[in-house]
Amino acid sequence: MNTPNTESEVLPEEEMKTLHLSVILLTLSGVLTQISGDSVKYPDNPICAVRGFSVSIPCSYFYTTSNPNIQVTQMLWCSLSTNPGWCHDPPYVYDSSSITTSDFEYAGDDKSDCTLLIHNVQFSYSGEYRFRFITNDPKIRYTGLPGAILQVSDLKVSLIRLSGIGTLKQGDSLNLTCDVNCTQSSSQFVWSKNNERLNTSGPVLHFPAVTVRDSGNYTCTWKTNMTSGSETISLLVEDDNTENPEGWPIWMIASLTVGVSVVIITLIVGAVIFNRRCVCECRSVHTEKQKKDVTNIYANVRQKEDDSDIYANVQ
């Protein structure tokens with residue numbers, strides 16, 4: 001439950017303890033809630049975030065006034081790890097009056113939304129965060145107590161062998177386990193293989209008997225309504241039959257082998273027939289040429305004999 005506070009002069013330590021106890025008792029009894037309408041609302045349970053990713057801390061605030069001219073002029077977020085107080089003074093992880101760039105981004109407004117967005121979450125960001133708003137009325141400025149609790153954890157994907165030793169081979173059994181070491185009541189685990197979502201859920205992905213087709217990159221994505229994170233692990237399954245590295249069925253390999261053999265035999269027979277046909281045609285052409293050559297020689301001889309006879313008669 002969020003207890004209110006107001007600006008006041010510094011009180012002695014004993015009086016501060018008494019005042020603090022009185023505030024708690026009045027808040028629990030409901031009396032203070034009726035007197036003051038100022039409030040800041042955070043999530044009831046701790047918020048879990050994955051290191052290296054982003055997380056949002058939902059937050060809403062409210063203040064009561066009958067004067068429409070009163071407006072919020074400054075919004076502040078502080079971390080108790082660096083500012084163990086009521087967030088009255090710096091340092092702040094966010095200050096609306098200071099324009100800076102950091103991992104802490106204000107995603108709310110100056111009306112009622114005070115959501116804080118934290119990027120690139122680190123382990124050092126774990127702890128309690130408090131929101132404070134200040135209006136143009138010195139009497140209306142408020143810090144929400146207690147604040148929101150942030151827990152930061154790593155997302156781990158582990159391979160657990162259930163059977164087989166050494167390198168993964170076909171038939172081995174295993175589990176891929178996704179784990180976040182923090183408490184979060186409503187969360188969802190989503191698995192994907194080579195960036196394609198799998199039709200399964202839960203932190204454990206079970207393989208009763210792996211095959212080479214199970215090889216690939218498996219990603220576990222952990223989601224809540226405030227954050228998400230993912231981690232990838234590679235799975236390589238070796239085949240015992242090195243002649244069949246793709247794990248194809250035997251009947252498919254046999255059919256492919258027969259088909260290739262038929263094609264090769266057909267090509268060889270066709271080449272032989274084509275070669276014989278070419279040889280026969282060449283021989284035929286050569287024979288015809290020889291006949292023509294013999295005919296021409298015979299004609300030339302007869303011509304010479306005729307010429308000799310004519311010459312003899314003339315003599």
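## The Cys 178–Cys 220 disulfide

The S-S torsion of Cys 178 and Cys 220 is about -95°, so this disulfide is left-handed. In this predicted model, local features need pLDDT of at least 70 and side-chain atom pairs count only at pLDDT 80 or more, while totals for chains, interfaces and linings use all residues. Residues are numbered from 1 along each chain as its sequence is written, and side-chain values use heavy atoms, with hydrogens and water left out.

The sulfur atoms of Cys 178 and Cys 220 are 2.0 Å apart; a disulfide here is a pair of cysteine sulfur atoms within 2.5 Å. Cys 178 sits in strand β13 and Cys 220 in strand β17 (residues 216-223), so the bond ties together parts 42 residues apart in sequence. Strands (E, at least two residues) and helices (H or I, at least four) are DSSP runs, numbered from the N terminus. Both cysteines are buried, where buried means under 20% relative accessible area, exposed over 50%, and partly exposed in between (1.4 Å probe, protein chains only).

## The other disulfides

The whole structure holds 4 disulfides. Counting bonded cysteines along the chain, their pattern is 1-7, 2-5, 3-4, 6-8.

One of them links Cys 59 and Cys 114, with sulfur atoms 1.8 Å apart. Its S-S torsion is about -80°, so the bond between Cys 59 and Cys 114 is left-handed too. Cys 59 is buried at 6% relative accessible area, and Cys 114 is buried at 0%.

Another joins Cys 48 to Cys 182, S to S 1.4 Å. Here Cys 48 is buried at 0% relative accessibility, and Cys 182 is buried at 18%.
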